[in-house]
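Work through the exercises below with the sequence and the model side by side. Try each task before reading its solution.

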Amino acid sequence: MSISIALKNWAKRIKRDGVTLWFAGKHPQTPWYAKALGIFVVAYALSPIDLVPDFIPVLGYVDDVLLLPALIWLAVRMLPPDVLLECRAQADEWMRTQGAKPRSRWGALLIMAVWVALGAALWFWLKRYL
């Protein structure tokens with residue numbers, strides 16, 4: 001198997017597991033801690049806005065290539081096996097019929113709130129020194 005095929009398969013699994021977490025967040029048997037992390041990861045993954053914008057050299061892609069897959073992996077590992085199987089089946093069906101990942105406006109609002117909070121914190125910090 002070539003490296004490009006292996007990377008494409010890995011990317012498909014990451015995308016599917018992101019949608020899996022979306023369904024797991026609604027599942028009643030998902031533990032609260034897995035649900036909390038899963039909702040955060042899904043909001044970030046489905047948000048059209050990145051925490052670190054892609055136009056920033058190197059750092060802009062770190063969240064897409066390293067941080068997001070690591071958070072998805074961690075959140076999926078927290079799910080009970082039966083919930084994981086059920087939600088993966090739902091994700092596979094969603095992706096087969098819809099052909100695209102869902103979008104999250106709440107995720108976009110969350111990322112914008114983080115940017116506003118960081119900007120405000122920086123402003124207050126700089127205000128003391130200026």
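Buried means under 20% relative accessible area, exposed over 50%, and partly exposed in between (1.4 Å probe, protein chains only). The model is predicted: local features need pLDDT of at least 70, side-chain atom pairs count only at pLDDT 80 or more, and totals for chains, interfaces and linings use all residues. Residues are numbered from 1 along each chain as its sequence is written, and side-chain values use heavy atoms, with hydrogens and water left out.

**Exercise 1.** Check the span of helix α1 against its number of residues.

Solution. Helices (H or I, at least four residues) are DSSP runs, numbered from the N terminus. The expected span is 1.5 Å times one less than the number of residues. Helix α1 covers residues 3-24, so its 22 residues should span 32 Å. The end C-alpha atoms lie 31 Å apart, which agrees.

**Exercise 2.** Classify Thr20 as buried or exposed, and find its contacts.

Solution. Thr20 belongs to helix α1. Its relative accessible area is 0%, so Thr20 is buried. Contact means heavy atoms within 4.5 Å. Leaving aside neighbours within four places in sequence, Thr20 touches Leu84, Cys87, Arg88 and Ala91.

**Exercise 3.** Classify the ring pair of Phe23 and Trp94.

Solution. Rings of Phe, Tyr and Trp (its six-membered ring) pair if their centres lie within 6.5 Å; planes under 30 degrees apart are stacked, over 60 edge-to-face, the rest tilted. The count by this rule is 6 aromatic pairs. For Phe23 and Trp94, the centres are 6.3 Å apart and the planes stand at 70 degrees, so the pair is edge-to-face. Phe23 is in helix α1 and Trp94 in helix α4 (residues 81-98), so the pair ties together parts 71 residues apart in sequence. Phe23 is buried at 14%; Trp94 is partly exposed at 22%. Trp22, Phe23 and Trp94 make up one aromatic cluster.

**Exercise 4.** Which residues does Asp17 meet in salt bridges?

Solution. A salt bridge is a side-chain nitrogen of Lys or Arg within 4 Å of a carboxyl oxygen of Asp or Glu. The whole structure holds 3 salt bridges. Asp17 pairs with Arg16 at 3.3 Å, N to O. Arg88 also bridges to Asp17, with the closest N and O atoms 3.0 Å apart. That pair links distant parts of the chain, Arg88 in helix α4 and Asp17 in helix α1. Asp17 is buried at 10% relative accessibility, whereas Arg88 is partly exposed at 23%.

**Exercise 5.** How far apart in helix α4 are Glu93 and Arg96?

Solution. They are 3 residues apart, so about one helical turn separates Glu93 and Arg96. Their side chains meet in a salt bridge (2.8 Å, N to O). Glu93 is partly exposed at 37%; Arg96 is exposed at 61%.

Conventions: Helix = DSSP H or I, 4+ residues; strand = E, 2+ residues; numbered from the N terminus.
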